[in-house]
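Please look through the model below.

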Amino acid sequence: MSTLLRTVEAFPRGRTTDELYALLDVDFSAARREQILAELIALQKQGIVTLGRDNKWRAVSRTVAAAGRRETGAGPGAGADPGAMLQAVPAGFSRQADRETAGSEDGADTAQINPVALLRYYRAALQSDPRGALTQADDRHGTAYQLICGAGDPFPEDGETGIIRITLDHLPDSFREALSRREANDRALAIGWPISIGRKSGAPAIRPVGLIAATWERSGEQLVIRIAADDVMVNPDWIRAAATGTAWTAGALRDIFAGQGGAGLSRDDFLLRLREAAAKSIRGKITGRRFATSLDPADGGIFDAMGLFLPTESSFTAGAVRDLDQIATWAPEKIARTALGPLLGLKHDGEIPADPPVNVGPLNHEQIRAVANAAAHPLSVVTGPPGTGKSQAIVAMAATTLLRGGSVMVASKNHQALDAVEHRLSEIAPDVPFMVRTLGPAREIDQGLTDVVAQLVNDPGGAPVLHDPALADQLADLAGRRLQALDTVEARRALNLQLADLIETLDLRADDPAPEPVTPPEAPGLWARLLRWLWPGRFGPAGAAGDPPPSGRAAIEAKIRALRAELAQLAPPPDPVELTQQIEPMAKTVMRQTLGARAALTEDHRIDLSNRHDDLALHGGGAMSRDLAQTVLDHRPLWLASVLGTPRRIPLYEGLFDLVIFDEASQCDIASALPLLARAKRAVIVGDDRQLAFISQIGLSQDRNLMAANGLPDSGTGRFSQGRKSLFDLARSTPGVPAVMLRDQYRSAEGIVDYINEFFYGGKLRVAADLGALKLPKGRKPGLAWTHVPSPGRATSTAQNVNLAEVAAIRREVQDLLENQGYAGTVGVIAPFRPQVHALTQALRQALPENCWANAELRVGTVDGFQGQERDLILFSPTVHDGAAPSAVTFLVREWCRRPVRSPPR
């Protein structure tokens with residue numbers, strides 16, 4: 001069937017010739033327009049299509065009923081008149097408490113859980129979220145989507161499930177048939193709310209503004225729809241349409257509706273942001289609790305209407321679902337050669353080069369150990385709060401792999417996180433095109449491996465890059481010596497820790513009248529506790545070897561002598577700090593040479609790529625071979641990718657990349673990350689479970705049902721839960737996976753580090769910032785400062801999540817800093833709610849000239865939206881009203897005095 005005929009059949013109410021030109025994107029090609037018209041005439045002669053009196057082409061087999069008629073047995077929404085109102089069917093809305101929980105975390109060992117069952121479970125979890133880019137035509141109503149109406153609240157609170165019940169007889173036959181075709185394999189659908197009506201190619205276009213994931217089932221004579229989470233995601237198609245012809249850019253609108261870690265927003269938060277972004281387009285009152293009974297396709301705007309939208313191939317998770325289907329067919333030996341194997345309980349069976357770590361910037365001991373783990377293990381974990389150098393460690397991991405001819409993918413669900421990493425990675429070789437960003441909405445970047453093949457073919461190239469193998473060998477020798485030195489340092493620490501324990505035991509019992517037998521104290525001594533505090537988790541009470549402590553005085557003394565002899569055999573290592581300082585400039589030079597040589601193409605390479613690109617153009621991107629993909633990665637070895645966007649842009653071959661690094665992994669779900677792990681030989685999971693957390697998009701009841709449906713046991717599966725655990729959580733709980741916590745805080749003042757240390761990190765952090773370089777306002781000390789501002793009173797419906805007293809206080813403070821004091825640092829202002837952010841932005845725009853904004857790099861944003869940003873001073877507006885909190889304190893200004901400081905290695 002031709003594309004033209006499929007397009008005509010997709011619109012039963014017909015489309016004009018010009019509308020078909022627009023739909024097929026041939027408006028600017030006279031030859032293609034003539035070809036389309038000739039094909040239409042040929043189809044008409046064959047009786048396949050017909051041209052009506054309204055000059056619209058229709059497929060004969062899909063011609064709609066005459067005016068005023070309904071489908072047999074159709075309900076209130078089955079009207080078929082061209083241009084008729086879209087009638088909603090009545091529905092009942094309610095919520096019920098969840099009574100089930102996900103699987104227990106205790107019990108079965110990972111090795112006893114079937115990896116294929118896990119893959120099927122994660123595939124089903126992804127498929128349960130059908131949301132994506134969605135635009136529908138008015139004449140698809142009752143077939144591909146159906147409006148519903150009524151009063152009630154289907155948006156669940158925590159621990160609840162939203163329920164929508166619809167009498168099956170009220171649904172059009174065509175919609176019920178569409179459900180039946182999906183019933184065996186796909187019980188997911190998207191709920192659209194509110195509904196926007198606009199135009200596309202001159203015809204009415206129905207676009208949900210927000211999309212909610214739901215599942216459905218038949219129960220007697222009813223269709224029962226369940227909503228597991230109050231999680232509304234904006235429709236990308238609406239973003240693009242709303243940005244056309246307005247002052248908004250698509251990127252700015254996308255930022256407004258961006259949820260934490262790629263998740264959606266609650267109904268109320270979504271509605272607040274919609275009123276901010278599209279107030280002029282809203283028709284009537286939108287509450288999300290009373291839904292319209294009908295819509296007129298000719299009436300533009302945004303309406304408080306709700307619809308059921310059947311899944312399409314444009315869903316966010318469609319690519320990952322297809323990948324998991326394919327991975328589930330792989331032999332266990334094939335999966336075991338990838339970074340996915342350890343997470344599924346398979347023993348890794350791939351090659352690990354274990355290259356010594358290099359650095360192109362300063363690194364401390366823990367960062368170097370994290371980079372070494374990345375090179376020597378199929379899966380490793382790095383954790384630490386902001387300012388501890390996670391990004392610097394990521395750069396070093398990438399550089400170590402790239403230096404040895406490998407390829408690296410850095411992935412995240414957070415585009416802001418990728419922006420920050422991209423800036424640092426680009427500094428490895430600033431003038432060399434070795435890096436590819438697959439998706440960047442702010443810069444309208446959208447490219448995959450096929451696009452990069454075309455770029456390589458058209459790359460004019462440059463002068464040959466000189467490469468010095470001797471210098472590379474010298475760098476490798478230095479890196480190897482440093483790693484050996486760090487191993488020796490750690491071994492000496494372990495021995496000293498054991499000695500400290502044993503010597504203190506003898507000192508405490510020196511006056512014991514009956515020294516035999518001696519039982520060592522249960523609690524470690526002072527020196528032992530000090531060493532363990534300095535290097536937590538490195539050594540146990542019995543030392544590195546885990547030997548049981550000796551029980552008598554003679555045995556203790558003998559053990560002390562043995563440890564001292566062992567310590568004497570360990571020669572003092574070279575200074576790792578000095579070696580790190582030598583490696584940095586050498587690594588920068590070698591990396592520029594290595595990447596320059598890899599990025600350059602010879603003429604023979606270009607001709608070969610050109611021929612293979614022609615094959616791709618003829619047969620499509622699905623024809624890309626592994627050999628061609630590997631050739632592209634040889635020349636463009638570093639990729640920054642969106643987690644969910646990768647399956648559509650990079651073909652699925654096991655171990656295609658040497659290393660994949662997940663940044664902000666505590667915000668990433670498990671299922672969508674698995675296809676990326678399968679594409680890599682090794683993986684590093686970077687995150688911090690004390691920061692903004694993973695937000696589940698499926699409820700506990702649904703999670704448990706999906707596990708049971710895919711044959712997973714009732715116990716031992718809790719840590720695999722898609723609904724409860726992040727990728728970081730799963731990696732951290734996987735046996736045998738090495739983890740490093742970065743503990744030196746290079747960014748914040750001592751008072752701030754002390755605060756987060758006490759309440760979140762158990763005293764494990766160390767202040768490493770150059771306190772003398774902090775930029776302080778006049779008369780202020782570094783750290784936290786608190787200011788009380790009286791609340792204006794209780795929140796009202798017209799001033800919800802806005803505190804004007806706090807706005808005024810922030811405005812006065814910032815104005816005094818920048819205009820009166822001439823403060824030379826950078827400034828940020830944050831608040832938890834977008835309406836407060838909007839009010840703060842307006843007040844500061846009115847109060848400050850543009851040069852103040854530019855000089856101070858002034859930025860106002862929500863707490864989650866500010867993630868990844870740095871400022872010398874931050875003011876926080878909690879937006880608290882009287883009665884909203886038990887404390888009498890209603891305002892806090894938190895001044896976060898900080899600056900990025902590159903400290904020498906420790």
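Arg289 and Asp153 form a salt bridge, with 3.9 Å between their closest N and O atoms; the term stands for a side-chain nitrogen of Lys or Arg within 4 Å of a carboxyl oxygen of Asp or Glu. Arg289 lies in the loop between helix 8 (267–278) and strand 13 (290–291), and Asp153 in the loop between strand 7 and strand 8, so the pair ties together parts that are 136 residues apart in sequence. Helices (H or I, at least four residues) and strands (E, at least two) are DSSP runs, numbered from the N terminus. This is a predicted model, in which local features need pLDDT of at least 70 and side-chain atom pairs count only at pLDDT 80 or more, while totals for chains, interfaces and linings use all residues. Residues are numbered from 1 along each chain as its sequence is written, and side-chain values use heavy atoms, with hydrogens and water left out.

Asp153 also forms a salt bridge with Arg95, the closest N and O atoms being 3.5 Å apart. This pair links distant parts of the chain, since Arg95 is in strand 5 (residues 92–97), 58 residues from Asp153. How exposed or buried are the residues involved? Asp153 counts as buried because its relative accessibility is 17%, where buried means under 20% relative accessible area, exposed over 50% and partly exposed in between (1.4 Å probe, protein chains only). Arg95 is partly exposed, with a relative accessible area of 34%, and Arg289 counts as partly exposed at 38%. Arg95, Asp153 and Arg289 belong to a network of salt bridges that also links Glu157, Glu160, Arg267 and Asp268.

The structure holds 38 salt bridges. Another of them joins Asp325 to Arg123, with the closest N and O atoms 2.7 Å apart. Asp325 lies in helix 9 (residues 318–327) and Arg123 in helix 4, so this pair ties together parts that are 202 residues apart in sequence. Asp325 counts as partly exposed at 36% relative accessibility, and Arg123 is partly exposed with a relative accessible area of 21%.

Next come the strands. Strand 7 (residues 145–151) pairs with strand 16 in the antiparallel sense over 4 bridges; two strands pair if DSSP finds at least two bridges between them. Ile148 has Met306 as its bridge partner in strand 16. Strand 9 (residues 188–200) is also joined to strand 16, by 3 bridges, and the two run antiparallel. Here the bridge partner of Ile191 in strand 16 is Leu308.

In a regular strand the side chains alternate between the two faces of the sheet. Which residues of strand 16 (residues 306–309) lie on each side? Met306 and Leu308 are on one side, Gly307 and Phe309 are on the other, and all are buried, so both faces are covered.

Ile164 lies in strand 8 (residues 160–167). Ile164 counts as buried because its relative accessibility is 0%. Leaving aside neighbours within four places in sequence, Ile164 is in contact (heavy atoms within 4.5 Å) with residues including Ile148, Ile191 and Met306. Ala214 is 50 residues from Ile164 in sequence, and their C-alpha atoms are 9.9 Å apart in space.

In soluble globular proteins, nonpolar side chains tend to be buried together. A nonpolar core is a set of buried Ala, Val, Leu, Ile, Met, Phe, Trp, Tyr and Cys residues joined through side-chain atoms within 4.5 Å. The largest one here has 70 residues, and those with the most contacts inside it are Tyr122, Phe662 and Leu677. Helix 4 (residues 115–127) gives the most to this core, with 8 residues. Apart from this core lies another, of 48 residues, among them Ile368, Ala472, Leu475 and Met586. Beyond four places in sequence, Tyr122 touches Leu324, Ile670, Ala671, Leu674, Phe720, Gln722 and Leu730.

Over the protein chain as a whole, there are 29 helices and 30 strands. Of its 906 residues, 53% count as buried. Residues 24 or more positions apart account for 77% of the contacts with a separation of 6 or more.
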